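Biologist: Thanks for sitting down with me. Could you walk me through this one, sheet and rings included?

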Amino acid sequence: MIIPIYGYGEPVLRKVGEEISPDYPNLADIIANMYDTMYNAYGVGLAAPQVGLAIRLFVIDTEPFSDSDDLTKEEQEQLKGFKRTFINAQMLKEEGEEWGFNEGCLSIPDVREDVYRNERITIEYCDEDFNKKTEVFDGLIARVIQHEYDHIEGILFTDKISMLKKTLIKKKLQNIMEGKARPDYKMKFANKKGR
């Protein structure tokens, strides 16, 4: 089921997510709805706060990045097969050189900025069956995980850009809060008039 994505300015996007247990109500449905919602909006990741839940859960499917001509065949294959659910994730390490990439966010439609992140991460998490894993990721997969992990920590990619860039996008962010953004997917806005 496709559910509305919470837009910039919604308080839940600033909350640090709480850990959940395997008996969290309707967890399988929530995960399925998050994948449906992410695919409907042509996203590569979606975190629970973006659908109004302040819990440590996010989903990722990097396949849309796999057809980029800038990547090696090996990188394309890696991205094509990467679909994961992360529950109760904890970032253990972020290392390697920082590199820039033009990021966007389903909660902040029509805003894209270069964000610098470390190239390699070590993360501990549970999959949808609550099997605990510790894995190392790099490149674009690491970046998508870092972006979604930030969501469960109450951080948005716009927090990672310069003051000048923040000033330049201020009006766009205000428009999102007021419900004036018009993405082609369902959204819930913070200050929409007549809400």
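Modeller: Happy to! Let me start with a term: buried means under 20% relative accessible area, exposed means over 50%, and partly exposed is in between (1.4 Å probe, protein chains only). This is a predicted model, where local features need pLDDT of at least 70 and side-chain atom pairs count only at pLDDT 80 or more, while totals for chains, interfaces and linings use all residues. Residues are numbered from 1 along each chain as its sequence is written, and side-chain values use heavy atoms, with hydrogens and water left out.

Biologist: Are Phe 58 and Phe 86 buried or exposed?

Modeller: Rings of Phe, Tyr and Trp (its six-membered ring) pair if their centres lie within 6.5 Å; planes under 30 degrees apart count as stacked, over 60 as edge-to-face and the rest as tilted. Phe 58 and Phe 86 make a stacked pair, 4.7 Å centre to centre with 15° between the planes. Phe 58 is in strand E3 and Phe 86 in strand E4, 28 residues apart. As for accessibility, both Phe 58 and Phe 86 are buried.

Biologist: Why does the pair of Phe 65 and Phe 101 tie together parts that are apart in sequence?

Modeller: Helices (H or I, at least four residues) and strands (E, at least two) are DSSP runs, numbered from the N terminus. Phe 65 lies in the loop between E3 and helix H2 (73-80) and Phe 101 in strand E4, so the parts tied together are 36 residues apart in sequence.

Biologist: In which order do the strands of the open sheet run?

Modeller: Two strands pair if DSSP finds at least two bridges between them. The edge strands, E2 (45-47) and E6 (132-138), each pair on one side only. With antiparallel pairing, the 5 strands come in the order E2-E3-E4-E5-E6.

Biologist: How many bridges join strand E4 to strand E5?

Modeller: E4 covers residues 83-105 and E5 covers residues 108-126, and they run antiparallel. The number of bridges joining E4 to E5 is 13.

Biologist: Which ring does the charged end of Lys 83 sit over?

Modeller: A charge sits over a ring if NZ of Lys or CZ of Arg is within 6 Å of the ring centre and within 35 degrees of the ring normal. Arg 143 lies over the face of Trp 99, at 4.2 Å from the ring centre. For Lys 83, 4.6 Å from the centre, the ring is that of Tyr 35.
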